[in-house]
Amino acid sequence: MKTILFIIHKEFKQIFRNKGMLPIIFVLPLIQLLILSNAASFEIQNIKFSYIDHDHSAASRELISKFQASKSFKIINQFNTKEEANLEMQKGNVDIILEIPTQFERNLIKDKTTTLSVSINAIDGASAGVENVYISQIIGTYNQKIQSQLLQYKDNSFVTPQNIITIPSFWYNNTLNYKTYMVPGILVLLVTMITLFLSSMNIVREKEIGTLEQINVTPIQKHQFIIGKLFPFWILGLVILTVGLIIAKLVFNVPMLGNLGLIYGFTAVYLLLILGMGLFISNHSDTQQQAMFISWFFMVIFILMSGLFTPIESMPQWAQNITLFNPIRYFVEIVRMVMLKGATFSDITTQFFIITTYAVVLNTLAVLSYKKVN
Amino acid sequence: MNQEKIITVNKLTKEFGSFTAVNNISFDVYKGEIFGFLGANGAGKTTAMKMLIGISKPTSGNAVVAGFDVKTQAEMVKKSIGYMSQKFSMYDDLTIKENITFFGGIYGLSRAQIKEKTAQLIQDLNLEDVADKLVGALPLGWKQKLSFSVALLHEPKIVFLDEPTGGVDPITRRQFWEMIYAEAHKGTTLFVTTHYMDEAEYCDRVSIMVEGKIEALDSPKNLKQKYNVNSMNDVFLKLARNIE
């Protein structure tokens, strides 16, 4: 125990003495949290909308005014011909072209039906999908309104149109605030990144400068050395989490419905998993660069397959199977469940069990792969 | 001279794939002697030494160091020995005092012992002015003297020195050897590798390794007689040339 304290003491000294590393550890993650949480939104705004109105009628003007009223759309231009509009879309100046045919109003009144043409720039498929939904909604509302008007004009009676209106209600994040959704996830990524990178570069660094050989010649025991080495990063991980949670509350006003202790308890175990992984990488690398590249390799896979940016449910089955091995996936799930939904321990036992097992396995592998004798 | 054996090496061999770095070597080292372990670059000195200090497993053969088998009791061996590698291996970003505290601590010294040893060491090496300076800023000669002293912190029975004076100026080398003599005088056994043949002359006995084998082992005086030359330098050249 005493030996471990000597190592911990030395590690902390080295961390705080390294003027280059300190800001990387403490300042960068927080800047990232502030920037990414504001930037990483799936909401689409300022859609560059243009239209070609061949009809110039009251009905067509009303439809366009609906788009004007929407916060999501920004009317860029009005074109006279489709060719002109297409050219602008090619240049990337417009995202949407709504073409209102001649006789639009007439057909509506006469036949009670008409057609509209909408072209969407789908270079970014995901945005195009969302834009399509927005447009359909606006046209749908317009349609309902026009229907009821037409019915009243025609029959001059007070038949209430039978409309079915769906009112979606979003649970746990009822204002659909993307920050509420993204901040806990990004916080998880930062905690993971910092601890994984630092721990994976730590032992290999001693290998590089030659001090590891000196350590291996001492009677120090493997577990003493490893605990002493990793404990400081475990503490650092919890500190980063704390600062991140404070920012989440103060800056982004993310609710904390569940038990804070549960988040810390889970993070404590989760960090052991990440540190074990870092140690394993460190033991198998000869240089810090190598350790860094391997860590990045895993990190990128973990981030993209965490369910944070793309829903796991929409991945192909084989990819979904891979995400089962992704620790970030569980951490993101837990943090969101506890913070936004107020989950209790009984709700997260499965994830807790998986993470604990994972941590035990990785740390065993890491300890076994650290050899004082070769 | 004391004839009590403190290191017994028996048919020790280390192979890396098809390459035999250390080929079936056997020798004894006596308690309290300064044992010079010579050889050209790549002759297998460092590999042999790493097996003796318990950080490299022998392919075959065995060695007993300070009464413990290097294969099965490596951790016991490590308690009884000190080691100074050819690469400076203290923490450049810690001060002299912090390095001493750390290494003392992992050898299991108490806080009180560490305090006492630190004061003694700093006084002996005249490091009072720089005791709180980072080790990285020290000149090489000082670093080497410091590493040697740190290797002695836990009062080991044997100290292994791997090219301790490489790149050090003649005055510091001289001082370094005075420290080695003082330590041997206390009864510590010193196992030294070096490329400086004048240093070989200071050893009680010298072994010369050539291509993984020990070609000669005796006192410098006897070796010079045997090969009919005037200096250890010539002994070394003769042995190394035979190979070519």
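**View 1. Strand β9 of chain B between its two partner strands.** Strand β3 (residues 34-39) and strand β9 (residues 205-210) of chain B pair in the parallel sense over 5 bridges. Two strands are taken as paired if DSSP finds at least two bridges between them, and strands (E, at least two residues) and helices (H or I, at least four) are DSSP runs numbered from the N terminus. This is a predicted model: local features need pLDDT of at least 70 and side-chain atom pairs count only at pLDDT 80 or more, while totals for chains, interfaces and linings use all residues. Residues are numbered from 1 along each chain as its sequence is written, and chains are lettered from A and ligands numbered from 1 in the order in which they are written. B:R205 in β9(B) is the bridge partner of B:F35. With strand β10 (residues 213-218) of chain B, β9(B) pairs in the antiparallel sense, over 5 bridges. In that pairing B:S207 stands opposite B:L217 of β10(B). β9(B) and β10(B) form a hairpin with 2 residues between them. B:E211 in the turn has a positive phi of about 45°. Because 5 of the 6 residues of β9(B) are buried, this strand is largely enclosed by the rest of the structure. Buried means that 20 or more other C-beta atoms lie within 10 Å of the residue's own, exposed means 12 or fewer, and partly exposed is in between, with C-beta atoms placed from the backbone.

**View 2. The four-stranded sheet of chain B and the helix on it.** In chain B, 4 strands form an open antiparallel sheet in the order β2-β1-β4-β5. β2 (19-30) and β5 (68-69) of chain B stand at the edges with a single partner strand each, so one side of each has no neighbour in the sheet. Helix α1 (residues 45-52) of chain B packs on the sheet and touches β1 (5-16), β2 and β4 of chain B. The direction of α1(B) makes about 120° with that of β1(B); axes are lines fitted to C-alpha atoms, for helices over the stretch in contact, and angles run from 0 to 180 degrees between N-to-C directions. Strand β4 (residues 60-65) of chain B pairs with β5(B) in the antiparallel sense over 2 bridges. B:V64 has B:D69 in β5(B) as its bridge partner.

**View 3. The side of chain A that touches chain B.** The contact takes 20 residues from chain A and 22 residues from chain B; two residues are in contact if their C-beta atoms, placed from the backbone, lie within 7 Å. On the chain A side, the elements that give two or more residues are α1 (2-17) and α8 (211-216). α1(A) supplies the largest share, 7 residues. By class, this side of chain A has 6 nonpolar, 9 polar and 5 charged residues. Ala, Val, Leu, Ile, Met, Phe, Trp, Tyr, Cys and Pro count as nonpolar, Asp, Glu, Lys and Arg as charged, and the others, Gly among them, as polar.

**View 4. A:E333 in helix α13 of chain A**. Helix α13 of chain A, which contains A:E333, covers residues 327-341. A:E333 has 19 C-beta neighbours inside 10 Å and therefore counts as partly exposed. Its C-alpha atom is separated by 16 Å from that of A:Y178, 155 residues apart along the chain.
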